[in-house]
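Visitor: I would like to learn how to read a few features of a model. Please show me the structure before we start.

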Amino acid sequence: MKTGVTIGNDETPLKRRKIKGESVGDQELKHVVTPTPSLAASDISESVICTVNRNLFADTEGSFLSRSRATPKRSEPKAKKKLIFGRLVDEINIQPNVRKVYGIIRKLTGSIGGNGSHGPIYGELTMSSMQKVVNLMKQHMNFNSNSKFIDVGSGIGKPNLHVCQDPGVKLSYGIEIEQARWILGMTCLKGVLDAAVKEEKDIDEAYDDEIILHRCVFECGDIRSANSFNPFTHVYMFSIGFPPSLWIHLAAMWNSSDSPYLICYHGPKDIIDSYEFDVVLIAQAPTSMHGSKEGHTVYLYRRTTHTGEEITSCDPLFKNLDKRVDSGLHALKDDITEQLQQCVDSGRATRGKRFK
Ligand SMILES: C[S@@+](CC[C@H](N)C(=O)[O-])C[C@H]1O[C@@H](n2cnc3c(N)ncnc32)[C@H](O)[C@@H]1O
């Protein structure tokens, strides 16, 4: 049965595959509420969650997106909600598949995550702050299902797994230097892929934004092994704590790339004046951190010389990535499972070992 849905003020119907056993009536969807950008970052509270109704309308005939390239079309509700303390806040809509993924990660890593030699707490955004960043990227950076996203220092992989679902990027790649964190990220990815396989039987009856997408790869390695960011369109880094030597390499790498968009947590004084990235600032916003009251500003930059042309070259470090995600959910799941097994059997499965 094909049905459509509208959310808030959005008039565009969202195609729907109905999940078995679910009634096609009013259905509940959770929204996270964060303050308007004019409020201090430290005021942002992820714990404020409210529930609103999702209205379902009978849909006319229409084609459904395929599993591997499902592109949810839900746009942000424009309504404001009043918090218990009386503040007005913008609602941030978080897709069901994104919520499912964070639920899987939470189960596997605990509520803090980020395990590694430096202890359990490290820098990562709350789910709602990450959604805010994703929304800004959609708004200002042409971030969509054709994008190729890299997280430099991917940790346990939350940003990668998030954008893999929303907007459902073509390639979500994370590189992490610390083996313990990479293994945690791989464990989370395996959990997500296992869940995707399990849900496959219900796929024809689920909404597009409920379906868990798979186009994500994690590797253990040092970003300094690459000389350019090609073929990535969106280069993301939670850059707090990066040493100057790494910045110097990243700036040289960026200036030898064609990647149009850079997202990081350092302002123009560092990025443009000190390290001389070839970029202009296009947006910025406060974000809040998981497990602490800390807040950081995210900065969105565009390459000064961006022409809009497709990136055709690829740094040798990033070859084979498209092939791996194109191989499909089952092949990727087997690949990830095998890599994790190799780790258990013989220690670190490095890129060198895998792609000789
Ligand atoms: C603050 S964490 C951010 C994790 C993740 N990006 C997130 O936002 O949730 C930064 C990560 O960068 C990794 N890192 C630092 N230098 C790196 C390098 N040269 N190559 C790859 N990863 C690196 C660290 O090990 C750490 O896990």
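Guide: We take confidence, a helix pair and the ligand shell in turn.

Visitor: What is the mean pLDDT of the chain?

Guide: This is a predicted model. Where pLDDT is low, the predicted coordinates should not be read in detail. Here the chain has a mean pLDDT of 79, with 68% of its residues at 70 or more. Residues 1–13 stay under 50, although the model gives them 44 contacts beyond four places in sequence. Residues 352–356 are also below 50, and that stretch has 2 contacts in the model beyond near neighbours in sequence.

Visitor: At what angle do helix α1 and helix α4 pack?

Guide: Two packed helices are described by the angle between their axes and the distance between the axes. For α1 (residues 96–109) and α4 (residues 179–199), the angle is about 130° and the axes are 9 Å apart. The two helices are therefore oblique to each other. The crossing of α1 past α4 is right-handed.

Visitor: Which residues make the contact?

Guide: From α1 come Lys-100, Val-101, Ile-104, Ile-105, Leu-108 and Thr-109; from α4, Leu-184, Thr-187, Cys-188, Gly-191, Val-192 and Ala-195. By class, 8 are nonpolar, 3 polar and 1 charged.

Visitor: How many residues surround the ligand, and which are the closest?

Guide: The ligand has 20 residues around it, with Gly-123, Glu-124, Gly-153, Gly-155 and Phe-238 the closest. Both α3 (158–165) and β8 (171–176) supply at least two residues of the shell. The shell divides into 8 nonpolar, 4 polar and 8 charged residues.

Technical notes. Residues are numbered from 1 along each chain as its sequence is written. This is a predicted model: local features need pLDDT of at least 70, side-chain atom pairs count only at pLDDT 80 or more; totals for chains, interfaces and linings use all residues. Axes are lines fitted to C-alpha atoms, for helices over the stretch in contact, and angles run from 0 to 180 degrees between N-to-C directions. Helices (H or I, at least four residues) and strands (E, at least two) are DSSP runs, numbered from the N terminus. Angles under 35 degrees count as roughly parallel, over 145 as roughly antiparallel, 65 to 115 as roughly perpendicular and the rest as oblique. A crossing is left-handed if the near helix is turned anticlockwise from the far one by less than a right angle, and right-handed if clockwise. Two residues are in contact if their C-beta atoms, placed from the backbone, lie within 7 Å. Ala, Val, Leu, Ile, Met, Phe, Trp, Tyr, Cys and Pro count as nonpolar, Asp, Glu, Lys and Arg as charged, and the others, Gly among them, as polar. A residue is near a molecule or strand if its C-beta atom, placed from the backbone, lies within 6 Å of it. pLDDT is the predictor's confidence in each residue, from 0 to 100.
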